[in-house]
Amino acid sequence: MLSKEDEAFIEYWEKNRLARKKTVRQFLLGVPLGLLITVPTVISLSSGWYKRAYAEANSSDFDPRVLFVALLLIVAFTAIFWQRHKWDQHEQHYRELLARRNRDRDRARASSPDGPSQSAPPATETRE
């Protein structure tokens, strides 16, 4: 027997699973996690506590566009990867709950007082 939370999750996931699978939506939902990784990197680089990185960032060979592109790629990759992983986990949980619900229904039918419901025998065709 499934709990109310499990039934609510099944209902929610049936409605939202296809929308949550789209890459654009995964990116938008995952951006905060990507920023959670890149913002401390920028703060660390600009604070100057790591002298070698600070010196490298202020050298003439350093191109800030490369750093910016790298940070954007980190945000995008982290966001999409994390959201796809999360979608896979929800999908697996959804399928497990459906299997458990179907198994419980089959057991309930088998243990009912009337026994398993018997359908009418299939009609046979006669050839003349």
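The chain contains four helices and zero strands. The model is a predicted one. From the N terminus on, the order of elements is α-α-α-α. Of the 128 residues in the chain, 19% are buried.

**Exercise 1.** Determine what span helix H4 should have at 1.5 Å a residue, and compare this with the separation of its end C-alpha atoms.

*Solution.* 
1. Helix H4 covers residues 64-110, which amounts to 47 residues.
2. The expected span is 1.5 Å times one less than the number of residues, so H4 should span 69 Å.

**Exercise 2.** Identify the buried residues of H4 and state which helices are included in what covers them.

*Solution.* 
1. A residue counts as buried when its relative accessible area is under 20%.
2. The buried residues of H4 are Leu71, Val75, Thr78, Ala79, Gln83, Trp87, Glu91, Tyr94, Leu97, Leu98 and Arg101.
3. An α-helix has 3.6 residues a turn, so residues three or four places apart point the same way.
4. The cover over the buried residues of H4 includes helix H1 (4-21) and helix H2 (23-47).

**Exercise 3.** Decide whether Arg101 is buried or exposed, and list what Arg101 touches beyond four places in sequence.

*Solution.* 
1. Arg101 belongs to helix H4.
2. The relative accessible area of Arg101 is 17%, and therefore this residue is buried.
3. Apart from residues up to four places away in sequence, Arg101 touches Leu2, Glu7, Ile10 and Glu14.

**Exercise 4.** Describe how H1 and H2 are oriented towards each other, and name the residues that make their contact.

*Solution.* 
1. The axes of H1 and H2 are 5 Å apart, and the two helices pack at an angle of about 90 degrees.
2. Angles of 65 to 115 degrees count as roughly perpendicular; H1 and H2 are therefore roughly perpendicular to each other.
3. H1 contributes Ala19, Arg20 and Lys21 to the contact, while H2 contributes Thr23, Arg25, Gln26 and Leu29.
4. These contact residues comprise two nonpolar, two polar and three charged.

**Exercise 5.** Characterise the surroundings of Gln26.

*Solution.* 
1. Gln26 is located in helix H2.
2. With a relative accessible area of 2%, Gln26 is buried.
3. A polar atom of the Gln26 side chain lies 3.3 Å from the backbone oxygen of Arg20.
4. Leaving aside neighbours within four places in sequence, Gln26 is in contact with Arg20, Lys21, Ala79, Ile80, Gln83, Arg84 and Trp87.
5. Ala79, Gln83 and Trp87 are among the buried residues of H4.

Definitions and conventions:
Residues numbered from 1 in each chain as written. Predicted model: local features only at pLDDT ≥ 70, side-chain atom pairs only at ≥ 80, totals over all residues. Heavy atoms only, no water. Buried < 20%, exposed > 50% of the residue type's maximum accessible area, 1.4 Å probe, protein only. Contact = heavy atoms within 4.5 Å. Axes fitted to C-alpha atoms, helices over the stretch in contact; angles between N-to-C directions. Parallel < 35°, antiparallel > 145°, perpendicular 65-115°, else oblique. Nonpolar A, V, L, I, M, F, W, Y, C, P; charged D, E, K, R; others polar. Polar contact = N/O pair within 3.5 Å; in protein donor to acceptor, adjacent residues only side chain to side chain.
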